[in-house]
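Subject: Structure handover

Hello,

Here is the structure we talked about handing over. My notes on it follow below.

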Amino acid sequence: SRSKDFVDIHCKQLKFNEAPHNDTPVLSEVDILLNDLTFTISNLSSWMQPESASTNLATKLDDCFIRREPLGVVLIIGSWNYPLQLLLLPMVGAIAAGNCVILKPSEVSATTGSLVAELVPKYLSQECYAVIRGGAEETQELLKNRFDHIFFTGSKGVARSILQAASLHFTPVTLELGGKSPCVVYGPVNMTAAARRLVWAKFFNAGQSCVAPDYILCTSSTRDLLLPALKEALWEFYGEDPRTCPDLCRIVSPQHWTRLRALLEKTRGRIVIGGESDQEDKYMAPTVVVDVSEDDALMAEEILGPILPILSVESVEEAIALINRGQKPLALYVFSEESSVVKTVLEKTSSGGFCSNDGIVHMTLPSLPFGGVGASGWGSYHGRWGFETFSHRRACMLRGWALERFNTLRYPPYSDGKLGW
Ligand code: NAD
């Protein structure tokens, strides 16, 4: 009820401050958090129970079990794109597992950072939970301390320096990174539904989602059917002039706006939808670019903005080969009415998460682990997976004093035939 209180009181403040243009925070910051909290509270007593382990002849009389124990003090470093969720959702798992927590919000989403710094000490024990604000320099200073676990959400480059700092104290690290999440559209597809789901997943939070579909792979005939459907869905969601639509976010900072604008200027692809932008307002229209090749600027890095490149392929095998030439993505999407296409893509690729015929939705379920694989991240959280990430699984064997004669088998001297060989 305290968390509900937190939300009721502060949700409006958050909306007005950080994202004046829309209601996105309710769905992506608050609902998902409450969902995970409720799930964790309902299941925690069963997750906490010692897990009994099977025994063998030599340990038959012993009590063997796995005990989940807190790791100690954990550091959670957040990113700006979902500044509340990415701090507090891992914190749910960390508290559930019994840890003390230090939160380090992103300096880019400064308003949420200051709100979290104001509210956490108000609602949670100051002995166990603290918020430390700052950018790269302050975080490096913080990292000189010894933690029992570091949970980092952010970019690959910074992840390397987190790993370096953690290595000095042998601190285990969870990395929640990003990358280019592909979306294959292949075979018979309900174009209207596909376009609506794709437009939602891509342009929610103006494309600034780590699991947003980064690019589309389809045949040129599918592309010709998809484009009018995408236009229609964009019109339906954001109207004739998306700039005036209260449901379309702005780009988080002038630096990110400039980075995205530069991508649009460098691309050799053809902009067929959108392309308009306004530096002053950090506005960028939902933009679709076709005829994009694998070596285009739009394919060189994670886009993390409202630009959707479409690459043409001849077959689903070609799409799979292209995906597998890159690093393992955080999410992978496939849209098709043919289950064999979905199965082939699922079986022949690897990614942190997978969702067919929709985007992002898989990460809203607390029963599924959320995290990357390889370059898109190490480890996972949400629901039980967060509890496990922040727990030590201690192997316990409680022995009595019986059957000492049986133990003589393993004590020296090892005369021939003693062990039955
Ligand atoms: P970032 O790496 O620049 O910053 C992340 C955090 O690290 C911030 O709190 C920042 O203050 C801190 N930081 C920055 N430089 C640092 C340094 N030199 N030393 C120590 N700490 C430093 O990343 P970002 O721009 O906030 O996030 C964008 C990236 O995060 C994208 O790749 C996106 O896909 C990824 N992301 C992943 C997830 C996920 O759940 N997997 C979620 C959101 C974002």
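In what order do the 6 strands of the open sheet lie? The order is 5-4-3-6-7-17, with mixed pairing. Strand 5 (129–131) and strand 17 (377–378) are the edge strands, each pairing on one side only.

Before the rest, two points on the source. This is a predicted model, in which local features need pLDDT of at least 70 and side-chain atom pairs count only at pLDDT 80 or more, while totals for chains, interfaces and linings use all residues. Residues are numbered from 1 along each chain as its sequence is written.

Terms for the secondary structure: helices (H or I, at least four residues) and strands (E, at least two) are DSSP runs, numbered from the N terminus. Two strands pair if DSSP finds at least two bridges between them.

Overall

The protein chain has 13 helices and 18 strands. Its C-alpha atoms fill a box of roughly 85 × 55 × 40 Å along the principal axes. Of the 421 residues in the protein chain, 41% are buried (20 or more other C-beta atoms within 10 Å of the residue's own; exposed means 12 or fewer, partly exposed lies in between, and C-beta atoms are placed from the backbone). Among contacts (C-beta atoms, placed from the backbone, within 7 Å) with a separation of 6 or more, 66% are between residues 24 or more positions apart.

Strand pairing

I76 has F151 of strand 6 as its bridge partner.

Strand 2 (residues 63–70) is antiparallel to strand 1 (residues 51–52), joined by 2 bridges, and E51 is bridged to I66 in strand 2. Strand 2 also pairs with strand 18 (residues 391–398) in the antiparallel sense, over 8 bridges. There, D63 has L398 as its bridge partner.

Ligand shell

There are 27 residues around the ligand (C-beta atom, placed from the backbone, within 6 Å of it), and T139, G154, V158, G178 and C210 come nearest. The shell divides into 9 nonpolar, 14 polar and 4 charged residues. In that count Ala, Val, Leu, Ile, Met, Phe, Trp, Tyr, Cys and Pro are nonpolar, Asp, Glu, Lys and Arg are charged, and the others, Gly among them, are polar. Helix 5 (136–142) and helix 6 (156–168) each supply at least two residues of the shell; helix 5 gives the most, with 3 residues.

Two helices

The expected span of a helix is 1.5 Å times one less than its number of residues. Helix 7 (residues 191–203) has 13 residues and reaches 17 Å from first C-alpha to last, close to the expected 18 Å. Its buried residues are M191, A194, A195, R197, L198, V199, A201, K202 and F203. The elements covering them include strand 8 (182–185), helix 8 (220–238), strand 14 (307–312) and strand 15 (331–335). N205, which follows helix 7, has a positive phi near 60°.

Helix 9 (residues 254–266) should span 18 Å with its 13 residues, and its end C-alpha atoms are 18 Å apart, which agrees. The buried residues of helix 9 are H256, W257, L260 and L263. They lie on the same side of helix 9, because they cover an arc of only 120° around the axis (taken from the directions from the helix axis to the C-beta atoms). P254, Q255, A262, E265 and K266 are exposed on the other side of helix 9. The cover over the buried residues of helix 9 includes strand 12 (283–284) and strand 14.

Regards

Note on methods:
Contact = placed C-beta atoms within 7 Å.
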